[in-house]
Each structure stands twice: as C-alpha cells, then as structure tokens.
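Please look over the sequence and the fold below before reading on. The paragraphs that follow move from the whole chain to a sheet, a core and a single side chain.

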Amino acid sequence: MSVKRLKELYSYDLLSGEVKNIKLDRGVFPAHDGFVMLFEPTTKKAHKYKLTKLCYTLATGVECKKSDRVIQKDLDETNFAFANLRLLSGEEYKRYN
C-alpha cells in the first residue's frame with residue numbers, strides 16, 4: 001500500500017503513538033509478534049505491517065525498505081511514540097544488535 005493511501009486510511013498521534021482507522025475511528029493494535037493487518041477497501045486485500053514501521057511511515061511519509069528496522073529506543077514494546085522510534089538500516093541494526 002502506498003504511503004499516500006496509508007495516510008488516507010489511518011492516522012497516527014505522534015505523542016501517544018496511537019494508530020487509528022480514520023473511517024471507523026478505531027485503534028489499531030499489534031498481535032503478539034508486533035504485526036498489524038491493515039485492510040485496503042478498494043482492493044479488498046489485507047496488508048501486514050510491523051507496527052513500528054507503520055508508525056514511522058505515517059509520521060514521516062517515508063516508506064521503509066524491507067531491510068530497514070525501526071527500533072524503540074527505550075526498549076518498551078508498548079511505546080510507539082514518535083520520539084521513541086528510530087530508523088536503522090540493515091547494517092546499522094546488525095551493529096546495534
């Protein structure tokens with residue numbers, strides 16, 4: 001799904017880290033593995049996203065590459081506030097890990 005289409009369908013609060021479906025006014029919450037399923041009504045297909053990458057994409061408008069990782073700086077898996085997110089390339093993530 002394109003970044004433009006994501007922004008049409010979903011909103012992201014930078015401070016609270018909450019992602020909402022705009023039309024349904026309903027929050028989007030990750031499964032145990034950190035992924036969310038987003039439904040595209042025009043194509044009637046679901047797309048799977050890592051919630052950290054989704055939040056970063058909605059905040060910046062930059063689509064993350066498959067090899068990129070978005071980490072939570074404070075290591076709290078429930079904190080999706082933008083100030084807590086950091087984009088790392090695949091090589092940077094290997095060094096970080």
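Which pattern does the chain follow when read along the sequence? It follows α-β-β-β-β-β-α-β-β-α, and the chain has three helices and seven strands, where helices (H or I, at least four residues) and strands (E, at least two) are DSSP runs numbered from the N terminus. This is a predicted model, in which local features need pLDDT of at least 70 and side-chain atom pairs count only at pLDDT 80 or more, while totals for chains, interfaces and linings use all residues. Residues are numbered from 1 along each chain as its sequence is written, and side-chain values use heavy atoms, with hydrogens and water left out.

With 97 residues, a compact globule would have a radius of gyration near 13 Å, and the chain agrees with this at 13 Å; the radius is taken over C-alpha atoms, and the globule rule is 2.2 Å times the number of residues to the power 0.38. The C-alpha trace spans about 40 × 25 × 25 Å along its principal axes. Of the 97 residues, 34% are buried, a term that stands for under 20% relative accessible area, with exposed meaning over 50% and partly exposed in between (1.4 Å probe, protein chains only).

An open sheet of three strands has the order β1-β2-β3 with antiparallel pairing, two strands being paired if DSSP finds at least two bridges between them. Its edge strands are β1 and β3 (26–27), each of which pairs on one side only. Strand β2 (residues 19–21) is joined to β3 by two bridges, and N21 has R26 in β3 as its bridge partner.

The largest nonpolar core has 18 residues, of which Y10, V19, L38 and L54 touch the most other members; such a core is a set of buried Ala, Val, Leu, Ile, Met, Phe, Trp, Tyr and Cys residues joined through side-chain atoms within 4.5 Å. At least two residues of this core come from each of α1 (3–9), β1 (10–12), β4 (35–40) and α2 (51–60), and α2 gives the largest share, five residues. Leaving aside residues up to four places away in sequence, V19 touches, among others, Y10, R26, L54 and L58, a contact meaning heavy atoms within 4.5 Å.

Finally, Q72 lies in strand β6 (residues 69–72) and is buried, with a relative accessible area of 12%. A polar atom of the Q72 side chain lies 3.5 Å from the backbone oxygen of D76. Beyond four places in sequence, the residues that Q72 touches include T52, F80 and L85.

How values were computed:
Polar contact = N/O pair within 3.5 Å; in protein donor to acceptor, adjacent residues only side chain to side chain.
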